[in-house]
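The tour below goes through selections of charged residues, one stop at a time.

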Amino acid sequence: MPRLTTPAITPGTQRDLTQPVLDADGLRLRPWHVDDAAVVVTAYEDSDIRRWHTRSMNLDEATAWVTSWAGRWHGETGAGWALVRDGAVVGQISLRSLDHGDGRSDISYWVLPQARGRGTATAALTAVSTWAFETLGLHRIEVDHSVDNPASCRVATRAGFRLEGTKRGDALHADGWHDMHLHARVAGDVS
Ligand SMILES: CC(C)(COP(=O)(O)OP(=O)(O)OC[C@H]1O[C@@H](n2cnc3c(N)ncnc32)[C@H](O)[C@@H]1OP(=O)(O)O)[C@@H](O)C(=O)NCCC(=O)NCCS
């Protein structure tokens, strides 16, 4: 069925861009390399990352995951960055459900335990959302997190993602259904 709206982002816009390297406060956001897979495996040994991202990760799965991002970029369905501090990968951030027609995505992030508490996730979320609104042309980005995850709530709030409400029983975790906070930034928001 034909759409009655003009796509928020012209098809091909993302494909025609080179994925940028973004720098923020000593943090570098860069595209994934295949040899980053081992650090992704290490990340999923952390109980908080496993808990909130509801999966485990072996080396084959991590290799498939890091190498998937180039295709997702060219297919205009996602965009993922490794977070690098002092030359080492310390985390990830990804627009994981890009919809160019509606100009929206949700976003996911984690930071290795030893790198937490230095503003890494907040800086990464701010940098990616600024790029996504100003260069890609997204209209809305959502963060959702369990109400039992106050660190993620703080990151979203500090990066200007307003709390819009609580989705009851919205996400199945290993210990059952969790109520989820929905945060969002809309293009033009003043944080
Ligand atoms: C959530 C996470 C990404 C935060 O990464 P980070 O780089 O440490 O975050 P930042 O340093 O940018 O900011 C952390 C903020 O959260 C606060 N915070 C950290 N742990 C907290 C906790 N347990 N309870 C409440 N606030 C907490 C910090 O105080 C800081 O806020 P402040 O600057 O106002 O003091 C990291 O803890 C993580 O990877 N957790 C496991 C995976 C996860 O939860 N991913 C998100 C799923 S939605």
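Buried here means under 20% relative accessible area, exposed means over 50%, and partly exposed covers what is in between. The model is predicted.

Start with Asp36 and Arg30. Their side chains form a salt bridge, at 2.9 Å from N to O. Are the two residues buried or exposed? Both Asp36 and Arg30 are buried, so each has a relative accessible area under 20%.

Next, select Arg15 and Glu76. A salt bridge joins their side chains, with an N to O distance of 3.7 Å. The two ends come from distant parts of the chain, 61 residues apart. Arg15 sits in the segment before β1 (22-24), while Glu76 belongs to the loop between α3 (59-74) and β3 (79-85). Glu76 is buried, at 9% relative accessibility; Arg15 has a relative accessible area of 44%, which makes the arginine partly exposed.

Move on to Arg51 and Asp175, whose side chains meet in a salt bridge of 3.5 Å, N to O. Arg51 is in helix α2 (residues 47-53) and Asp175 is in the loop between β7 (162-173) and β8 (176-186), so this pair ties together parts 124 residues apart in sequence. Asp175 is exposed, with a relative accessible area of 54%, and Arg51 is partly exposed at 36%.

For the last stop, select Arg104, Arg140, Glu142 and Glu164 together. Salt bridges link these residues in a network.

How many salt bridges does the count come to? The count is 14, taking a Lys or Arg side-chain nitrogen within 4 Å of an Asp or Glu carboxyl oxygen as the criterion.

Notes
Residues are numbered from 1 along each chain as its sequence is written. This is a predicted model: local features need pLDDT of at least 70, side-chain atom pairs count only at pLDDT 80 or more; totals for chains, interfaces and linings use all residues. Side-chain values use heavy atoms; hydrogens and water are left out. Helices (H or I, at least four residues) and strands (E, at least two) are DSSP runs, numbered from the N terminus. Buried means under 20% relative accessible area, exposed over 50%, partly exposed in between (1.4 Å probe, protein chains only).
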